[in-house]
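Work through the exercises below with the sequence and the coordinates open. Try each task before reading its solution.

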Amino acid sequence: MAQSRFPPVPEGWDWTALYAVALREARAVLRDEHAAQDAAQEAVLRAWRHSARCRSPDSPEAWVRTIARREALRLTQRDGELSSEQASLDAGETGVEAIGARIDVRRAVGRLGDGERVVIEQHYFNDLSCAQIADALELPLGTVKIRLYRARHRLREHL
């Protein structure tokens, strides 16, 4: 008998409700309804595939919301639907302020040490989990988590 390559899905998860959670989150990021639906569908699919990774299987809504937000942001980057400047403008910043904020973030990330910078880039730009980063860099999981924690702290200081 062939084994499934996917882990067993936790029982009792209401996938319709989780899709609604994902769709609300995607709509908050995306302006296009069809793109929001695509992001929500991809988020629910990822949640199903990686359900064993959910740290709170009794209440997976926050986890699914995070996946949906990342999927929506990934769509904006891929499709160019919403630039960083436009997102900042929507948040009330002027174009000059938005560009300045992006430059500040890039400079702050550039000030980090190599280990911290790589962890930040892999986690936030490539959407890898700490475990995936640890595997890729051949580091203990605890080391990756500490580097990520310290990098966030340093970024706050620089910004």
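**Exercise 1.** How are α6 and α8 oriented to each other: roughly parallel, roughly perpendicular or roughly antiparallel?

*Solution.* Keep in mind that this is a predicted model.
- Step 1: take the axes of α6 (residues 114-125) and α8 (residues 141-158). They come within 9 Å and cross at roughly 95°.
- Step 2: apply the cut-off. Angles of 65 to 115 degrees count as roughly perpendicular.
- Step 3: conclude. α6 and α8 are therefore roughly perpendicular to each other.

**Exercise 2.** List which residues of α6 meet which residues of α8, then sort the contact by class.

*Solution.* 
- Step 1: on the α6 side, find G115, E116, V119, I120, H123 and Y124.
- Step 2: on the α8 side, find V144, R147, L148, R150, A151, R152, R154 and L155.
- Step 3: sort by class. The contact of α6 with α8 holds seven nonpolar, two polar and five charged residues.

**Exercise 3.** Is E116 buried or exposed, and which residues does E116 touch beyond four places in sequence?

*Solution.* 
- Step 1: locate E116. This residue lies in helix α6.
- Step 2: leave out residues up to four places away in sequence. E116 then touches R147, R150, A151 and R154.
- Step 3: check a C-alpha distance. E116 and I146 are 30 residues apart along the chain, yet their C-alpha atoms are separated by 9.2 Å.

**Exercise 4.** Which residues touch the most other members of the largest nonpolar core, and which element gives the most to this core?

*Solution.* 
- Step 1: take the 20 residues of the largest nonpolar core. A22, L30, A39 and A72 touch the most other members.
- Step 2: assign elements. α1 (15-29), α2 (33-49) and α3 (61-79) each give two or more residues to this core.
- Step 3: α2 gives the most, with seven residues.
- Step 4: follow A72. Leaving aside neighbours within four places in sequence, A72 contacts A26, V29, L30 and A39.
- Step 5: look elsewhere. A second, separate core has 12 residues, including V119, I120, I133 and A134.

**Exercise 5.** Summarise the whole protein: how many helices and strands are there, and what share of the residues is buried?

*Solution.* 
- Step 1: count elements. There are eight helices and zero strands, in the pattern α-α-α-α-α-α-α-α.
- Step 2: take burial. Of the 159 residues, 27% are buried.
- Step 3: take contacts between residues at least 6 apart in sequence. Of these, 59% join residues at least 24 apart.
- Step 4: take the surface. The accessible surface is about 10500 Å², and 50% of that belongs to carbon and sulfur atoms.

Methods. Residues numbered from 1 in each chain as written. Predicted model: local features only at pLDDT ≥ 70, side-chain atom pairs only at ≥ 80, totals over all residues. Heavy atoms only, no water. Axes fitted to C-alpha atoms, helices over the stretch in contact; angles between N-to-C directions. Helix = DSSP H or I, 4+ residues; strand = E, 2+ residues; numbered from the N terminus. Parallel < 35°, antiparallel > 145°, perpendicular 65-115°, else oblique. Contact = heavy atoms within 4.5 Å. Nonpolar A, V, L, I, M, F, W, Y, C, P; charged D, E, K, R; others polar. Core = buried A, V, L, I, M, F, W, Y, C linked by side-chain atoms within 4.5 Å. Buried < 20%, exposed > 50% of the residue type's maximum accessible area, 1.4 Å probe, protein only. Areas by Shrake-Rupley, 256 points an atom, 1.4 Å probe, with all protein chains shown as cover.
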